[in-house]
Amino acid sequence: MEAQTTPKLKKPPKPRKPIRELWWFFAAAACVKLLLIPAYKSTDFEVHRHWLAITHSLPLSQWYFDETSPWTLDYPPFFAYFERLLSIFANLIDPQIVHLQKGLNYSSNTVLYFQRISVIFSDLCLLHGVYRLTRKLDSTRQKLIWVLVVWSPMLVIVDHLHFQYNGFLLGILLISLSYLEEGRDLMGGLVFAVLLCFKHLFAVAAPVYFVYLLRHYCWKGFVRGFWRLFILGAIVVAVFAVAYGPFVYHGQMQQVIHRMFPFGRGLCHAYWAPNFWVFYIILDKVLAFLLGRLGFKIQAPAASFTGGIVGDLSPFAVLPQITPVTTFILVLLALSPCLIKAWRHPRPVRITRWVAYAYTCGFLFGWHVHEKAALHFVIPLAIVAVQSLDDARHYFLLSTVSCYSLFPLLFEAQEYPIKVLLLLLHSMLMWLGFSAQFAKRISLELAKSEKKKDKEEGFVIGWVGWSYLVGILLVEISGQFLHPIILGDKLPFIPLMLSSTYCALGTMYSFIWQLKWILDS
Amino acid sequence: MEKATKRKVNNKKGKEEKPIVECDDESDAWWWLVHKGITASFLSIALFSLLVRVAVSLHPYSGAGNPPKYGDFEAQRHWMEITLNLPLKEWYRNSTVNDLRYWGLDYPPLTAYQSYVHGLFLRFFSPDSVALFTSRGHESYLGKLLMRWTVLSSDVLVFFPAVFYFVVVYYAGRNPSHRMSGIAWHMAIILLNPCLILIDHGHFQYNCISLGLTVGAIAFLLSDKDLVACVLYSLALNHKQMSAYFAPAFFSHLLGKCLRRQYPLLQVLKLGLVVLGTFLIVWWPYVHSMEAFLGVLSRLAPFERGIFEDYVANFWCTTSVLVKWKRLFPTQTLKLLSFGATISSCLPSMIQQIWSPSKQGFLYGLLNSAFSFYLFSFQVHEKSILLPLLPASLLATEEPFLFTWMTLYALFSMFPLLHRDKLVLPYLSLSALFILLNHLSSGRRDTKDTSAFRSFVTRVFLLCSVILHVVYLSMHAPARYPFLFEALIMLLCFSQFVFLTLYTNAKQWMLLKHSNLVDKEKKLL
């Protein structure tokens, strides 16, 4: 044995080809995603199929007017163009997929395979983004980030089970961030503008981008500064012109914007996203209950949050009503420390954190936030998670909690083991990866200076973190098993409420942690 | 653990080599996954394998929505229904309540007990799915889910721990510098065996139990706990009579071992008593009357089903293209013929083990005896390739090429069956996953200079099988020969299997030469 290993050790290390290794990660994930094709899919599947039909069967001028199905097109034009591109292939495979009427609720194998595989393929964009961001890092860091992003359980749950194209869109975001980190601001701005024309929800980070680009790119003397501002503005306008131009030409901008921003929806989604408003609602309920006990006359709210009905109003009994404007101001307020920092020290290494922080603010204080929006900050944060031990600890908690908060998306029994296994595997890999990363650095430091005694401790989460994570287990057990046994069918909303409240604690912690980091830096 | 071993190596070799070792450490792509030791690596690999299994179980099972007889899924469900609702003595007996022609129980009693336990689980959540008579052909969302979960839980409870124990034992005596990532790779390759996953979690069977018991037996044998090994192997035999494929290897290795001890006869007697005792316990309800015992026994040997079924890549089926065995000879003669062929083909491997029992030789012996049963025994199924594949996967680090080759062709030989079950998608993605895993090892291993001829031949065969896949999926066979493609696949796989058997038999005998050399060297020293 010894004789065999010796030549191995003496051999010079092979030149590493990170792109090939990254392909391996992607291919392994794709195999599992292919296996998941027959699993549960939400109505979003039919939404996207219908969009294929709209963009294929109708002229562009009709896209935002069509009302054949309740699933009207409500994404910006680039996404519609993307669907148009996909529909060409869909038409080749099975014309019924793109038929406006006959295709409604079409559920044959062809449409299932086509759409599922199109998501897997569109993940190539994510692959490219990750590659650009990690190509200069060392091997262990690279692999860790790949595990966190390419094997993200959240993306599997949202994109490949629930059905959406988030991997593709987040890929564009990562590409934009990679350009900014490299100092190629113009390209970064351009790609971000493209992203905004794919999905407008990403606009939450626009203030950060604006401030950063203004300071880092344009702030170079008066004449040069204005010239650069002009170029930047021209590029952004050009991108928007490509996207919205045809609709401006048809005079439909009002309709397009009306479709994209349906403010008729309520403050919270049918499931509560684990954000700040959860506490607000609960405080309202508690106050209403207490005041009612004290003899005050409390008007019962018109629509209940817990019934899952999306009402027009925010029915609070005691606390002041929340309007979209309130949430908008709150998000901007929460963002302001980050904007000030970006203004003062616009440094490319910070931009990923700032953008992630912006999406965290949007998630916590935004109007009608989906729980899926957690992806918008969990995925970019993965890039910085390997930078320090504190980052790793924070990310471990955040990623576990965010993944758990997606559990209600898959509510059928068949997918139960899948989501649990995905979360467990993810946590296990994170734990192994982070402890390898940080144990390794210590050993290298020790090797450098043997006398150095003040060694940092390895990857330890601490008892608060552990008890919080164990709490997730308890919440899950009580919601899934104890609740049906004790209460039966009564109060069916309690488990969901409990888990969103519990997860909201985790996201609030992450928000505060990120804010503190930004203020300290 | 890896860290510690690295340091040991460093200390041995002095300081000047340290940077090289660090480099090596750096280039080991999977260091981060395995650095916490064998248990943590096993846990993460097991979680991933379980995820793959659950994902495969989303797909259809054999005979889904295909009345009146359905498939193996219905057979297993029916056994739960029978064992749950009838008294023990009636399980194997044809009666008005137990129609043996409709998926009558034809596995040994341990399977029946397992069906009973799983039946209890099903009845608790969905009584309709196992009700007597009315549940025939029961197909429902919940029913399918519960059935799938019984296989998943059996896998986790039997196969996974057995594999873990095997890997611990197998690498315990090795040089400590054996790379941890290599061990992890071995675990992954055993647990992610595409054939086993497809048959158990796709097609629907409980091979994980009998194979898991066998792996457990092998592991105990390797750690010299022969009595426990005997118990476990007897249990495996009592779960599926197909486990007898391994019997010659177990028998010859244990016999060889006993002969080398002080009181050979006593040793043999001890093992024999343990085996007999295990059998007695399992068969207890049926040993009180000769009639009941023979009744069960006759159910286990379905000779009336002919020497082969469908298109299995073994000797009888392949040669029947030229020699019509079924027409030429009566069943009785065929039985003798196949028995003789099987025994004579596994005799060399048995003799080697009796003569010079060794742990490595035992694993090769398992492979050889399972192969000879697969190729020559009576009534072989496509699925039986799982049995030779098991020892091959246990030898995967010794014989990486053999294992890869065999897995690919074992998969291919089951392709028509899986195609019938509508499992082409999991078939393709599991094959891809297997190739990816394999790619890891070849990236890690030093590239041995393989001869140009061998790589040419393997490429030609691979090309053939890829073309056959495409043809099978895209074209209809000519009306005159409706099973032309199946026959071609069978022919290709058979040729590979024969080649592999010859190779492994030769390899087993080469071990003898090698050990003789080692012995001689020791004497000289």
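Biologist: Which are the buried residues of α12(B)?

Modeller: Before that, a word on conventions: this is a predicted model, in which local features need pLDDT of at least 70 and side-chain atom pairs count only at pLDDT 80 or more, while totals for chains, interfaces and linings use all residues. Residues are numbered from 1 along each chain as its sequence is written, chains are lettered from A and ligands numbered from 1 in the order in which they are written, and side-chain values use heavy atoms, with hydrogens and water left out. Helices are DSSP runs (H or I, at least four residues), numbered from the N terminus. Buried means under 20% relative accessible area, exposed over 50%, and partly exposed in between, with a 1.4 Å probe and protein chains only. By that rule the buried residues of α12(B) are P248(B), A249(B), F250(B), S252(B), H253(B), L254(B), G256(B), K257(B) and C258(B).

Biologist: Where does V275(B) lie, and how is its accessibility classed?

Modeller: V275(B) lies in helix α13 of chain B, and because its relative accessibility is 27%, V275(B) counts as partly exposed. Not counting residues up to four places away in sequence, V275(B) touches C230(B) and S234(B).

Biologist: Is F434(A) buried or exposed?

Modeller: F434(A), found in helix α19 (residues 416-448) of chain A, has a relative accessible area of 0% and is therefore buried. Beyond four places in sequence, F434(A) touches residues including L144(A), L148(A), Y395(A) and F459(A).

Biologist: Which residue has a phi near 90°, and which peptide bond is cis?

Modeller: Most residues other than glycine have a negative phi, and most peptide bonds are trans. Phi of F204(B), however, is near 90°, a positive value in a residue other than glycine; F204(B) is found in helix α9 (residues 194-204) of chain B and is buried, with a relative accessible area of 0%. The peptide bond from P67(B) to P68(B) is cis, with omega near 5°, and P68(B) lies in the loop between α4 (38-56) and α5 (72-85) of chain B.

Conventions: Helices (H or I, at least four residues) and strands (E, at least two) are DSSP runs, numbered from the N terminus. Contact means heavy atoms within 4.5 Å.
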